[in-house]
Amino acid sequence: MTQPDSEHIRDDRYRAIRVKSTLEDAKLPEMEILADVRRHRFCEEAEFAIKLALEEAMTNAVKHGNCNDASKQITVYFFVDDERAEIIVCDEGCGFEPGGVPDPTENDRLTLPNGRGIMLMRAYMDEVEYRCNGREVCLVKLNKR
Amino acid sequence: MQATDTLSVDVAQGDQSVVITPVGTASMDLYEGLAAALVKACELKPPVLVIDLEKLDFICSLGLGCLVVAHVRVRRYGGKMTLANPTAPIRDMLAATKLATLMPIYDSTEDALAAG
């Protein structure tokens with residue numbers, strides 16, 4: 001466990017997991033977060049959405065944020081209660097402008113192999129907010145039991 | 001979804017077709033198994049390549065990207081790639097990403113093979 005770096009997530013509700021920036025290690029927080037999601041009785045569709053959005057955020061952190069540099073780390077802050085699941089994924093990269101990412105559903109981009117991660121996060125979560133010049137993404141899923 | 005994700009890929013080769021059946025979870029740490037099977041299948045250049053998604057319970061965008069790459073390769077050599085039996089969550093993903101407009105989806109492998 002680590003202490004949150006950012007002012008806005010110095011909150012006792014959050015737990016933190018820091019992992020090495022590889023696709024294998026980036027998978028590690030998922031089991032703990034999804035266990036909390038199940039414990040708070042989110043529906044199966046919400047669990048699928050959270051798993052998908054978390055994978056997309058972690059993949060982006062590894063590949064784009066940290067540029068596949070395994071010496072860098074990713075920190076995940078999260079809390080889950082009966083009302084909501086909130087997950088913040090932080091990389092150590094230079095950031096980016098989320099508004100500059102093209103729409104992967106445009107006809108001329110459909111045959112590209114990548115570029116769907118942000119779109120999927122936005123489609124499946126209730127809130128997706130980029131912070132710190134794109135180095136952090138906050139994902140929120142409400143529990144609509 | 002399982003507590004610990006796994007992915008295996010079954011491949012069935014016919015005279016004019018190859019059917020690939022991924023079983024489990026094509027997550028970010030496992031999707032390469034699907035990617036490798038698709039590359040091998042494309043090298044065989046079957047006229048019809050069917051991806052049976054009935055036993056796939058999850059796919060991330062990297063896995064979707066593999067399907068797109070295979071679709072482009074198959075089309076390039078004049079073949080046809082189709083999807084069959086997606087579970088409801090994966091069918092929804094294919095719709096949300098509009099990949100359902102790129103790759104035909106059938107309700108059964110038999111229908112997909114017949115359409116090819």
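Helix H1 (residues 28-39) of chain A packs against H2(A) at an angle of about 160 degrees, and the two axes lie 10 Å apart. H1(A) is therefore roughly antiparallel to H2(A); angles over 145 degrees count as such, those under 35 as roughly parallel, those from 65 to 115 as roughly perpendicular and the rest as oblique. Axes are lines fitted to C-alpha atoms, for helices over the stretch in contact, and the angles run from 0 to 180 degrees between N-to-C directions. Helices (H or I, at least four residues) and strands (E, at least two) are DSSP runs numbered from the N terminus.

The structure is a predicted model, in which local features need pLDDT of at least 70 and side-chain atom pairs count only at pLDDT 80 or more, while totals for chains, interfaces and linings use all residues. Residues are numbered from 1 along each chain as its sequence is written, and chains are lettered from A and ligands numbered from 1 in the order in which they are written. The model scores ipTM 0.92 and pTM 0.93. For chain B the mean pLDDT (the predictor's confidence in each residue, from 0 to 100) is 95, and 97% of the residues of chain B reach 70 or more.

On the H1(A) side, A:Glu30, A:Ile33, A:Leu34, A:Val37 and A:Arg38 meet A:Glu47, A:Ile50, A:Lys51 and A:Leu54 of H2(A). Contact here requires C-beta atoms, placed from the backbone, within 7 Å.

H2(A) also packs with helix H3 (residues 117-124) of chain A, at an angle of about 150 degrees and with axes 9 Å apart. H2(A) and H3(A) are therefore roughly antiparallel, and their crossing is left-handed. Residues of H2(A) in this pairing include A:Ala49, A:Leu52, A:Ala53 and A:Ala57, and H3(A) contributes A:Gly117, A:Leu120, A:Met121 and A:Tyr124.

Not counting residues up to four places away in sequence, A:Ala57 touches A:Val89, A:Met121, A:Val137 and A:Leu139.

The contact between the chains takes 24 residues from chain A and 20 residues from chain B. H2 and H3 of chain A each supply at least two residues of the chain A side, to which H2(A) gives the most, with 8 residues.

Burial is classed by the number of other C-beta atoms, placed from the backbone, within 10 Å of a residue's own: 20 or more is buried, 12 or fewer exposed, and anything in between partly exposed. A:Asn133, in the loop between strands S4 (127-131) and S5 (136-142) of chain A, has a positive phi near 60 degrees and is exposed, with 12 neighbours. B:Lys45, in the loop between helix H1 (32-43) and strand S3 (48-52) of chain B, has a positive phi near 50 degrees and is partly exposed, with 14 neighbours. B:Gly14 is found between strands S1 (7-13) and S2 (17-26) of chain B and is exposed, with 11 neighbours.

Note on methods
Contact = placed C-beta atoms within 7 Å. Left-handed = near helix turned anticlockwise from the far one by under 90°.
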